[in-house]
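Here is a short briefing for a first look at this structure. Keep the sequence and the 3D view open as you read.

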Amino acid sequence: MIDSRGQRQPYGPPSSPYGPPSSSYPYALPHTPPGPQPPPGPLVPEPAGDERRMLAATVDFLLAAGVGSALALRVLPQLTIEANALVLWLVCVFGLSFVHQVLGAWLFRASLGKWLLRMRVVREQDAGRPGFWRLVHRWLLGLTWLPMQPVRSLIWADGDPYEDHCKLVYVRLKDLRRLGHR
């Protein structure tokens, strides 16, 4: 086969600037590749199981209540702070809870309970590190979620009781590493 410039073409129909080749050739032109494909979305591991999450929450609660109570009863009264004992206890427990849940998750992606159970807190859409203000929002919602459960059960609310409005999830560390996240 000879093309329009007089050069020999070893395989396939001759190329033509005027359109597809005639039907007299037994082979069609090779398939042209499609346009650029969007990159695949990030892989996000499945959320950790309910038992693991509840056990981690129990460890975190016991840590905040126990160490916060010890701090309120032993250390702070020696600093000559004039305050009601209940207010002092609440400040210590909630302050320690904030440091533990927000700063711990922001710096290490896990509180102590989650770290012991090999879990991490990640963003739901891309399994990335959560931001500080998102963690603060989640902590504040967590403070209101537990006391609202009796009210929720009285009005027979539908939906998932673990629904997270902050778009954060707890995942197992081995699943996170298996998908290539750090």
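Is R118 buried, partly exposed or exposed? R118 is partly exposed, with a relative accessible area of 42%. Buried means under 20% relative accessible area, exposed means over 50%, and partly exposed lies in between (1.4 Å probe, protein chains only).

This is a predicted model, in which local features need pLDDT of at least 70, side-chain atom pairs count only at pLDDT 80 or more, and totals for chains, interfaces and linings use all residues. Residues are numbered from 1 along each chain as its sequence is written, and side-chain values use heavy atoms, with hydrogens and water left out.

**Helix α1 and its packing**

- Helix α1 covers residues 50-75, which is 26 residues. Helices (H or I, at least four residues) and strands (E, at least two) are DSSP runs, numbered from the N terminus.
- Helix α1 reaches 36 Å from its first C-alpha to its last, close to the 38 Å expected at 1.5 Å a residue. The expected span is 1.5 Å times one less than the number of residues.
- Buried residues in α1 include A56, D60, A64 and G68.
- The buried residues of α1 pack against α2, α3 (112-116) and β1. Contact here means heavy atoms within 4.5 Å.

**Strands β1 and β2**

- Four of the five residues of β1 are buried, so the strand is mostly covered.
- β1 and strand β2 (residues 168-172) run antiparallel, joined by five bridges. Two strands pair if DSSP finds at least two bridges between them.
- R120 stands opposite V171 in β2.

**Aromatic rings**

- The structure holds three aromatic pairs. Rings of Phe, Tyr and Trp (its six-membered ring) pair if their centres lie within 6.5 Å; planes under 30 degrees apart count as stacked, over 60 as edge-to-face and the rest as tilted.
- W106 and F132 form an edge-to-face pair, 5.3 Å centre to centre with 65° between the planes.
- This pair links distant parts of the chain: W106 is in helix α2 (residues 85-108) and F132 is in helix α4 (residues 132-154), 26 residues apart.
- W106 is partly exposed at 37% relative accessibility, and F132 is partly exposed at 21%.
- The rings of F132 and W133 have centres 5.0 Å apart and planes at 80°, so this pair is edge-to-face.
- W133 is exposed, with a relative accessible area of 66%.
- W106, F132 and W133 form one aromatic cluster.
- The charged end of R138 sits over the ring of Y170, 4.6 Å from its centre. A charge sits over a ring if NZ of Lys or CZ of Arg is within 6 Å of the ring centre and within 35 degrees of the ring normal.

**D126 and its contacts**

- D126 lies in the loop between β1 (119-123) and α4. D126 is partly exposed, at 25% relative accessible area.
- The side chain of D126 makes a polar contact with the side chain of R123 (2.8 Å). A polar contact is a pair of N or O atoms within 3.5 Å; within protein, one must be able to donate a hydrogen and the other to accept it, and residues adjacent in sequence count only if both atoms are side-chain atoms.
- A polar atom of the D126 side chain lies 3.1 Å from the backbone nitrogen of G128.

**Positive phi values**

- Most residues other than glycine have a negative phi.
- R109 has a positive phi of about 65° although it is not a glycine. R109 is in the loop between α2 and α3 and is buried at 8%.
- R118 has a phi near 55°, also positive. R118 is found in the loop between α3 and β1.
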